[in-house]
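Trainee: I am new to this structure. Please show me how to read its features.

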Amino acid sequence: MPRPAAGEIAHSNRLVEFLIAEIEQHGGIISFRDYMQFVMYQPGLGYYSAGLSKFGAGGDFVTAPEISALFGSTLARQCELIFEQGAARNILEFGAGSGRLCQQILTRLNQSCTYSIIELSADLRLRQQEYLQSCLPGEVFQRVRWLDQLPVEFSGVVLGNEVLDAMPVHLVSKDQQWFELGVVFDGTRFNWCRLTDDSEAVSAISHIEATRGLLPAGYTTEVNLNFRPWLNALRECCEQAVILMIDYGYEQADYYRPERCSGTLICHYHHRSHADPLVYPGLQDISASVDFDAFADAAIDCDFEICGYTTQGQFLLAGGLLEEAERPLADKDTKSRLGFSQQIKTLTMPTEMCERFKVIGIHRNLDIDIPALTAGR
Ligand SMILES: C[S@@+](CC[C@H](N)C(=O)[O-])C[C@H]1O[C@@H](n2cnc3c(N)ncnc32)[C@H](O)[C@@H]1O
């Protein structure tokens with residue numbers, strides 16, 4: 001792993017002091033879920049909330065909109081398809097990262113559309129504003145707005161790329177029985193500790209085990225309990241909406257396989273991946289794969305209907321990715337055209353993002369057909 005620079009270490013030390021105080025205040029232990037919430041989102045200190053570069057070659061990881069503008073233009077095609085079937089021309093994006101997906105979509109749409117962004121990080125919001133102002137025509141930029149919370153009413157398309165994986169998860173482990181993992185500070189560094197045998201996360205994993213099959217002692221995994229409250233809040237504001245979430249993850253039978261005995265939690269620091277979320281607090285990304293069955297169950301419980309679910313590769317290919325690459329656009333020079341074939345490969349080949357990344361679409365009060373979402377199924 002590369003060594004953090006002096007400024008990074010100083011930043012991380014400020015977060016460490018904050019975490020030690022939080023742990024003391026909570027009787028010497030906090031849940032891993034709270035630890036992850038703090039190290040990722042604590043205002044001014046957390047990974048997403050402080051001024052470090054995260055996305056692209058100079059950051060820690062690369063997401064699909066950073067790989068290719070074709071990702072956003074293909075999604076824009078799907079938005080047009082949804083608008084043609086009666087959805088209002090509004091887009092709401094969660095966690096807009098560098099702002100590239102917004103730029104790609106707004107540049108490709110056939111007609112005007114409002115674009116709202118909900119971004120937890122004040123720092124990222126500023127970066128998005130600067131970036132979008134610099135690259136969108138003034139009248140298009142005017143239609144982008146940043147919201148502090150969900151609107152009271154919304155109709156249109158809701159999008160999120162790699163947002164669900166960034167939500168804080170509970171960690172659970174099994175010996176004779178399931179227990180939830182907490183984090184302590186041992187005077188030198190953060191360490192693992194047994195938190196409780198009786199929590200919502202323990203009930204959730206026990207239920208998964210009862211329906212999917214016995215998991216071995218020593219098994220450690222994650223449970224994401226954010227889907228229901230998040231979808232419930234969306235249900236409250238969405239009159240007529242389609243929600244498209246793109247992320248890496250698995251169906252439950254694959255997620256909670258007995259062999260996947262260390263779970264899916266992964267950390268990224270300067271393009272190196274490893275499995276220890278307790279080091280480099282605030283300097284590294286932490287994420288967990290999405291349990292798409294849990295997301296779909298939560299959606300149905302919250303009165304959404306499922307439009308479809310497929311791999312990112314199938315979705316993009318059936319959704320017009322190759323046609324987008326062929327479009328004669330002014331901003332495509334020879335160099336970017338040459339890059340397209342490698343970008344298409346990265347976005348769609350089974351060995352790259354295709355199989356790990358999935359797209360799930362759900363809707364509310366709209367009778368909509370999105371063929372790309374059922375491609376390959
Ligand atoms: C891995 S980054 C992805 C950024 C961007 N969508 C992309 O594809 O490059 C995760 C993003 O999700 C945001 N995020 C996580 N939970 C969120 C929530 N509940 N509401 C809004 N944004 C959230 C983070 O702040 C961050 O911007």
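Mentor: Start with a term: two strands pair if DSSP finds at least two bridges between them. Strands (E, at least two residues) and helices (H or I, at least four) are DSSP runs, numbered from the N terminus. Now the case: Lys174 stands opposite Trp178 in S7. This is a predicted model, where local features need pLDDT of at least 70, side-chain atom pairs count only at pLDDT 80 or more, and totals for chains, interfaces and linings use all residues. Residues are numbered from 1 along each chain as its sequence is written.

Trainee: How many bridges join strand S6 to S7?

Mentor: Three bridges join S6 (residues 170–174) to S7, and the two strands run antiparallel. They form a hairpin, with three residues between them.

Trainee: What stands opposite Gly182 in S7?

Mentor: Ser31 does. Strand S1 (residues 30–31) pairs with S7 in the antiparallel sense over two bridges. Gly182 also stands opposite Cys193 in S8.

Trainee: Is S7 mostly covered or uncovered?

Mentor: First the rule. A residue is buried if 20 or more other C-beta atoms lie within 10 Å of its own, exposed if 12 or fewer, and partly exposed in between; C-beta atoms are placed from the backbone. Strand S7 (residues 178–185) is mostly covered, with six of its eight residues buried.

Trainee: Why does Glu162 count as buried?

Mentor: Because Glu162 has 21 C-beta neighbours inside 10 Å.

Trainee: Where does Asp303 lie?

Mentor: Asp303 lies in the loop between helix H11 (292–301) and strand S15 (305–311). Its phi is positive too, near 70 degrees. Asp303 has 13 C-beta neighbours inside 10 Å, so Asp303 counts as partly exposed.

Trainee: How many residues surround the ligand?

Mentor: A residue is near a molecule if its C-beta atom, placed from the backbone, lies within 6 Å of it. Here 20 residues surround the ligand. The closest are Thr63, Gly95, Gly97, Asn161 and Ala166.
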